[in-house]
Amino acid sequence: MKATGVVRRIDDLGRIVIPKEIRKTLRIREGDPLEIFTDKEGEIILKKYSPIGELSEFATQYAETLAKTTGHIACISDKDTIIAVSGAPKKEYLEKSVSSELEKLMENKVIWSAKAKNEKQMPVLLTDSDVAEKYSSQVIYPIIAEGDTIGTVMLLSTEPATKMSDVEMKVVQSAAGFLGKQMEE
């Protein structure tokens with residue numbers, strides 16, 4: 001565990017303020033759910049809660065099926081990180097932070113499609129600096145559960161000649177709808 005040097009007091013209602021710098025660094029926003037853990041030494045650990053993270057094993061299998069079926073890179077994210085990937089090296093995507101542009105798409109429940117290389121591509125990862133070179137096409141669909149966006153399903157291609165069609169869009173839409181329903185049950 002890493003010490004921050006910040007000390008806070010608990011108020012009369014049992015609340016504690018997480019400093020703005022820490023919230024910014026860990027990308028914790030107002031309204032984000034936090035999971036509370038305790039250990040044997042009496043430490044309290046707060047962790048960002050990812051509802052779709054509970055389905056990570058299932059999401060991994062779903063991503064593998066999407067990649068095999070479509071022949072494209074399949075990624076599933078929660079609101080902060082890629083939780084499942086297939087069709088590309090896992091170390092490139094898995095558990096990497098999503099880009100701020102992708103976060104905004106999720107916030108606004110936007111469906112994204114760049115079906116050809118000459119269309120504007122969406123940076124997927126926080127480290128995607130030269131997006132135009134990286135992807136030749138992509139479709140991104142938000143996963144919505146109980147009215148809130150909890151992540152995305154994405155099909156990506158780095159092959160120059162690849163063009164996504166409405167079929168890929170429908171596949172991603174179906175996957176996002178299915179995962180959203182799983183979270184509601």
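Predicted model: local features only at pLDDT ≥ 70, side-chain atom pairs only at ≥ 80, totals over all residues.

Q: Which strand supplies the largest share of the lining of the largest pocket?
A: The largest pocket has a volume of about 940 Å³. Of the 25 residues that line this pocket, I18, I22, I44, I45 and L46 are the closest to its centre. With five residues, the largest share of the lining comes from the strand spanning residues 44-48, namely β2.

Q: How many residues of the lining of the largest pocket are nonpolar?
A: The lining divides into three classes, with three polar and six charged residues among them. The nonpolar class numbers 16.

Q: Which strand gives the most to the lining of the second largest pocket?
A: This pocket holds about 500 Å³ of space and is lined by 24 residues, of which K48, Y49, S50, D78 and D80 lie nearest its centre. At least two lining residues come from each of β2, β4 (82-86) and β7 (148-157). The most, three residues, come from β7.

Q: How many charged residues does the lining of the second largest pocket have?
A: By class, seven lining residues are nonpolar and six are polar. The charged residues number eleven.

Q: From which element does the largest share of the largest nonpolar core come?
A: In this core of 23 residues, I76, I143, V153 and L155 touch the most other members. At least two core residues come from each of α2 (56-70), β3 (73-77), β4, β6 (137-145), β7 and α6 (166-184). The largest share, six residues, comes from α6.

Q: How many residues form the other core, which includes C75?
A: This core lies apart from the largest one, and V98, L102 and L105 are also among its members. Its residues number 19.

Terms used
Residues numbered from 1 in each chain as written. Heavy atoms only, no water. 1 Å grid on protein atoms, 1.4 Å probe; cavity = no way out; pocket = protein on both sides within 12 Å on 5 of 7 lines; lining within 4 Å. Points joined across faces, edges and corners; volume = space filled by probe spheres on them. Helix = DSSP H or I, 4+ residues; strand = E, 2+ residues; numbered from the N terminus. Nonpolar A, V, L, I, M, F, W, Y, C, P; charged D, E, K, R; others polar. Core = buried A, V, L, I, M, F, W, Y, C linked by side-chain atoms within 4.5 Å. Buried < 20%, exposed > 50% of the residue type's maximum accessible area, 1.4 Å probe, protein only.
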